[in-house]
Amino acid sequence: MQQARTDEVFAPLDIHVRDGWTCQLCHEPIDRAIAWPHPKSPSIDHIVPLSRGGAHALSNVQSAHLGCNSSKRDRDMEAAVTLLTRLAGQA
């Protein structure tokens, strides 16, 4: 993250409100009362990961459960959605 571009300043709350408190990876609701480090706690995902040159900008962040975000790691969205769909089918 030290090498990430910081293009915009915003609060995580702004992103969760914008995204309707819905995880943009699994499309399930995010409960704002669940505290970190619970897997269902709110987190902010960088769509194009910072490690892959993505910007810390409103257009490159989305709401996600901490567990979904952790599972995504540094994958692009297509690979992450494929993985999460496969994992959901195993549950």
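The following dialogue examines the terms used to describe this predicted model.

Student: What makes up the chain in terms of helices and strands?

Tutor: The chain has 3 helices and 2 strands, in the order α-β-β-α-α from the N terminus. Helices (H or I, at least four residues) and strands (E, at least two) are DSSP runs, numbered from the N terminus.

Student: Why is A57 called buried?

Tutor: Buried means under 20% relative accessible area, exposed means over 50%, and partly exposed lies in between (1.4 Å probe, protein chains only). A57 has 7% relative accessibility, and therefore counts as buried. This residue lies in the loop between β1 (42-46) and β2 (61-65). A57 and V9 are 48 residues apart in sequence, yet their C-alpha atoms are 7.6 Å apart in space.

Student: How do you know that β1 and β2 pair?

Tutor: Two strands pair if DSSP finds at least two bridges between them. β1 and β2 share 5 bridges, in the antiparallel sense. S43 has A64 in β2 as its bridge partner, and H46 has V61 in β2 as its own.

Student: Why is β2 described as largely enclosed by the rest of the structure?

Tutor: In β2, 5 of the 5 residues are buried, and the strand is therefore largely enclosed. In a regular strand the side chains alternate between the two faces of the sheet. Both faces of β2 are covered: V61, S63 and H65 are buried on one side, and Q62 and A64 are buried on the other. β1 is also largely enclosed, because 4 of its 5 residues are buried.

Student: What is H46 in contact with, leaving aside its neighbours within four places in sequence?

Tutor: Contact means heavy atoms within 4.5 Å. With those neighbours left aside, H46 is in contact with A55, H56, N60, V61 and K72. H46 is found in strand β1 and, at 14% relative accessibility, counts as buried.

Student: What makes up the largest nonpolar core?

Tutor: A nonpolar core is a set of buried Ala, Val, Leu, Ile, Met, Phe, Trp, Tyr and Cys residues joined through side-chain atoms within 4.5 Å. The largest one has 6 residues: W21, C23, L25, I30, A64 and C68. Not counting residues up to four places away in sequence, I30 touches several residues, including W21, C23 and A64.

Student: Why is the meeting of the D45 and K72 side chains called a salt bridge?

Tutor: A salt bridge is a side-chain nitrogen of Lys or Arg within 4 Å of a carboxyl oxygen of Asp or Glu. The side chains of D45 and K72 meet at 3.0 Å, N to O, and therefore qualify. D45 lies in strand β1 and K72 in helix α2 (residues 66-72), so the pair ties together parts that are 27 residues apart in sequence. Both D45 and K72 are buried.

Student: How many salt bridges does the structure hold?

Tutor: The structure holds 2 salt bridges. R18 and D19 also meet in one, at 3.0 Å from N to O. R18 is partly exposed, because its relative accessible area is 43%, whereas D19 counts as buried at 14% relative accessibility.

Terms used
Residues numbered from 1 in each chain as written. Predicted model: local features only at pLDDT ≥ 70, side-chain atom pairs only at ≥ 80, totals over all residues. Heavy atoms only, no water.
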